[in-house]
Structures are given as structure tokens and as C-alpha cells.
Amino acid sequence: MRKVKIRIKNLPESLRYLRIRDITSEHKDKLIQVEGKIKISSEVRPFIIKTKYLHEDCGGEFWVENKIIVIEKPKKCPVCGDTKGKFIETDHETIDGQRLLIEEPADQIEKGEQPDSNYCNIKGRLM
């Protein structure tokens, strides 16, 4: 199966420029666009997106996708179904990633407000 990567530019007005302070849990896993200035940027680092394991007991090899930064070893072998034995990491796939702190621009701040900020993680081709 081939993976396709998409970059989106020029979003329609209805999806544009949500204020950083207005981002809530309802926006989780949804496409939004914000405007701001980058206050902090981490180094570009590789993140492990898939890990290949060998189950020592049955010899089965399998891949596990990593959805979060912390890598958890499998608790069950998908080949034999056993929960015992040792799972040995034999390979992994990485992708470039970077963490940014984005702050609201001055023209979006009401009188007396402090600028709000939010962290975001970007992955893949960063430029």
C-alpha cells in the first residue's frame, strides 16, 4: 500500500484563522488554520512511527504503529496470540518532526489581554 501525503493551502474562509485562544477540544483531529508568530521551535528530530518486533517464543515478526511519542512494547503477539515471552525490537521507521510554540499576533489581541499561545507538532516534509 502506498502512502499519499497532502499539503493544503488557501483554505476557504470558513476554515481560516481561528484565534489560538479559541482552540478547544472540539477542534481535535480537525483541520484548522491559525495565524501567529513562532516563539519557540525545537530542533528537527526523527520520530519513530513504526516499530518491528520479533516474538522470541514463536519467531513471529510484526510491525506496530506508534501513535504517540512514548513507544510501548506490545503486550500480545499478533502472530501466535501469546502474551508471554520477550518482544525484541528489530527495526523501525522514522519521520522528521518538530515542536513549535505559536503565539497570537498583536493585531488579534483585545485591549488588556495577554497573547495566548499553543504548542503544535509538525511531522513529515517540514519545508
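This is a predicted model: local features need pLDDT of at least 70, side-chain atom pairs count only at pLDDT 80 or more; totals for chains, interfaces and linings use all residues.

Me: Which residues form one aromatic cluster?
Reply: Numbering runs from 1 along each chain as its sequence is written, and side-chain values use heavy atoms, with hydrogens and water left out. Rings of Phe, Tyr and Trp (its six-membered ring) pair if their centres lie within 6.5 Å; planes under 30 degrees apart are stacked, over 60 edge-to-face and the rest tilted. The one cluster consists of Y53, F62 and F87.

Me: How many aromatic pairs are found in the whole structure, and what geometry do F62 and F87 have?
Reply: The search of the whole structure gives two aromatic pairs. In the pair of F62 and F87, the centres are 6.0 Å apart and the planes make 80 degrees, which is edge-to-face.

Me: How many residues apart in sequence are the parts that F62 and F87 tie together?
Reply: Strands here are DSSP runs (E, at least two residues), numbered from the N terminus, and helices are H or I runs of at least four. F62 belongs to strand 3 and F87 to strand 4 (residues 87-103), so their pair links parts whose separation in sequence is 25 residues.

Me: Is F62 buried or exposed, and what about F87?
Reply: Buried means under 20% relative accessible area, exposed over 50%, and partly exposed in between (1.4 Å probe, protein chains only). F62 has a relative accessible area of 7%, so F62 is buried. F87 has a relative accessible area of 7%, so F87 too is buried.

Me: Which residue lies over the face of W63, and which over that of Y119?
Reply: A charge sits over a ring if NZ of Lys or CZ of Arg is within 6 Å of the ring centre and within 35 degrees of the ring normal. At 5.1 Å from the ring centre of W63 we find K50. At 4.2 Å from the ring centre of Y119 we find R99.

Me: How many helices and strands are there?
Reply: From the N terminus on, the elements run β-β-β-β-β. The count is therefore zero helices and five strands.

Me: Which strand has the highest mean pLDDT?
Reply: The protein as a whole has a mean pLDDT of 85, and 91% of its residues reach 70 or more. Among the elements, strand 5 (residues 117-123) has the lowest mean, 86, while the highest, 94, belongs to strand 3 (residues 61-65).

Definitions and conventions. pLDDT is the predictor's confidence in each residue, from 0 to 100.
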